[in-house]
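Let's take a walk through a protein together.

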Amino acid sequence: MRSSDVGDVWWKSAVVYCADVQTFQDSDGDGCGDLRGLTDRLEYLADLGVTVLWLMPLYPTAGRDDGYDITDFLGVDPRLGTLGDVVELVRAADACGIRVIVDFVMNHTSDRHPWFRAARRSTEDPHRDWYVWSTREPRSTKDEVVFPDAEDSIWELDEKTGEYYLHHFYKTQPDLNVAHPQVREEIARTLGFWLQLGVSGFRIDAVPFLFQTDDYPGAHEGSFDPMRYLGDVRKYVTRRLGNAALLGEVNLPYAGQKEFFGGGDGDGLNMQFDFNGMQAMYLSLARGDAGPLAAALTERPALDVTSQWANFVRNHDELTLDKLTPAERREVFAAFGPEKDMQLYDRGLRRRLPPMLGGDPRRVRCVYSLMFSLPGTPTLFYGEEIGMGENLDVPGRLAVRTPMQWNAGENGGFSTAPRRRLTRPVVRGPYGPEHVNVRDQRRDPGSLWSFVRTLIRRYRQMPELGWSSPQVLEHDTPAVLAHLACCDDWRMLAVHNLGPETAAVSLRLEDADGLVLHDVLGDGAEHPVGDGGAVELVLEPYEGRWLRLLRPGQEPFA
């Protein structure tokens with residue numbers, strides 16, 4: 001089924017690009033990226049082929065969690081620009097065929113937000129119940145903290161009133177009580193405000209923390225139904241903007257994720273990141289065995305026509321591996337992050353893909369070819385398209401949020417400010433801007449940038465990929481993942497060799513007699529399908545192919 005059957009569901013075949021405004025482009029030389037700088041780079045994103053720009057938090061902040069500790073949901077951090085700059089960015093992006101979505105943090109505020117300042121003045125303050133409080137010391141929650149290097153409980157004693165407030169993240173980020181009607185009204189007002197400014201939707205941060213029904217004192221009491229409320233949010237943004245989208249960060253097993261899509265009639269999230277598939281992919285890469293990823297794709301729930309999986313290689317946080325077993329996690333650590341400073345909280349890696357793969361261009365390209373070939377919506381984190389590395393001298397998750405590398409000049413072309421004034425240090429060494437940058441790669445048809453641009457072009461030429469369901473094919477070659485992307489009578493075979501040796505693979509395709517396999521990613525060669533749908537392929541180490549199933553003479557991009 002295509003979009004013409006169900007309305008404008010643009011997220012089903014989009015290409016999403018996540019940018020951190022403060023590290024993308026500095027327009028005024030103060031060392032901090034800003035909205036005007038990002039606006040100046042929209043031509044670059046349009047040339048790459050991006051259709052959706054996802055902005056990390058741009059709100060006023062207390063500066064304790066890289067923008068996720070918000071002090072005003074209706075403003076812009078003065079370092080980044082103004083609301084007028086947001087409007088101009090959205091207008092210019094629309095002229096380039098790019099939609100804009102913004103990070104929205106519904107779970108918590110900064111402790112410096114006016115709501116919480118009022119709430120902690122007195123137990124009788126009208127804002128008191130906008131947060132979750134306990135009059136008694138809660139049970140131990142040491143095993144529930146998100147940041148175990150900084151916190152040992154998700155409750156903090158407020159000295160003035162002698163009560164404890166809930167915070168799933170840092171103690172400077174008190175959790176909102178979304179069961180409170182006035183909190184829900186403020187959330188709706190905020191969503192409506194940003195939609196009025198022209199954004200096309202929201203990436204919702206930490207969704208399970210917001211909607212979970214814990215047995216914490218005072219949390220979500222009464223008749224409040226979190227899932228029903230999520231449906232109300234979806235319906236509200238759809239009323240305000242008919243094709244608004246909600247992209248949720250839901251790091252749960254597949255069964256839990258399926259709940260957050262709702263019942264299939266527009267009452268849940270539109271999109272969710274496929275954390276389970278991503279983590280299985282890294283285990284497959286570490287082993288050179290496609291089995292874990294094949295198993296995850298087989299388990300991935302089918303979705304209704306308005307819902308979508310967002311495929312990704314990494315995002316702006318640590319590369320979480322929490323859905324793997326401890327033994328599996330150790331395998332991935334040993335392969336891609338053996339040093340302690342490469343790991344974070346014993347559950348993830350604070351690295352980017354190219355250094356993890358030893359800089360092997362074959363493996364890097366194989367991974368992105370695989371990601372774009374999977375049914376769903378591909379999502380890129382800025383700098384992935386040129387193979388940026390991390391800076392392990394930068395603490396925590398910020399190691400991968402370094403300035404964008406535009407050219408080989410000072411500060412990688414990110415800013416004209418002295419190095420000491422930059423928001424964050426530029427990567428140095430073999431992945432520094434003198435070796436990895438946009439300008440050089442845009443001029444080189446053999447570069448990673450050119451390859452990613454081709455992947456995006458092919459994906460957009462075949463929107464059926466976004467509407468497809470995956471069918472993992474059985475065979476006897478462990479290193480190879482072979483899957484069919486199927487949408488009505490449209491089919492594409494994708495094969496990827498995750499191993500270091502040449503691999504021969506024998507497949508059998510149903511209802512394929514008389515068809516040919518057309519290479520849509522490489523040289524355009526055609527290979528006939530054998531009797532009974534037999535297909536014999538030989539793949540070089542870390543080679544990936546996209547092969548459309550066509551009738552002889554049929555055009556691949558109709």
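Are Asp66 and Arg424 buried or exposed? Both Asp66 and Arg424 are buried, where buried means under 20% relative accessible area, exposed means over 50%, and partly exposed is in between (1.4 Å probe, protein chains only).

Before we go on, a word about what you're looking at. This is a predicted model, so local features need pLDDT of at least 70 and side-chain atom pairs count only at pLDDT 80 or more, while totals for chains, interfaces and linings use all residues. Residues are numbered from 1 along each chain as its sequence is written, and side-chain values use heavy atoms, with hydrogens and water left out.

Now back to our pair. Side chains of opposite charge can pair when their charged atoms come close. Asp66 and Arg424 form a salt bridge (a side-chain nitrogen of Lys or Arg within 4 Å of a carboxyl oxygen of Asp or Glu), with their closest N and O atoms 2.9 Å apart. Asp66 sits in the loop between strand 2 (52-55) and helix 5 (83-95), and Arg424 in the loop between strand 14 (377-381) and helix 16 (438-442), so the bridge ties together parts 358 residues apart in sequence. Helices here are DSSP runs of H or I with at least four residues, and strands are runs of E with at least two, numbered from the N terminus.

Next, find Asp317 and Arg401, another salt bridge, whose closest N and O atoms are 2.9 Å apart. This pair links distant parts of the chain, 84 residues apart, and both partners are buried. Asp66, Arg424, Asp317 and Arg401 also belong to a network of salt bridges, along with Asp20, Asp65 and Arg397.

Glu186 counts as buried because its relative accessibility is 17%, whereas Arg189, at 47%, counts as partly exposed. In total, the structure holds 29 salt bridges.

What about the nonpolar side chains? A nonpolar core is a set of buried Ala, Val, Leu, Ile, Met, Phe, Trp, Tyr and Cys residues joined through side-chain atoms within 4.5 Å. The largest one has 143 residues, and Tyr17, Leu53, Leu55, Phe202, Tyr282 and Met404 have the most contacts inside it. Apart from that core lies another, of 20 residues, including Ala512 and Leu517.
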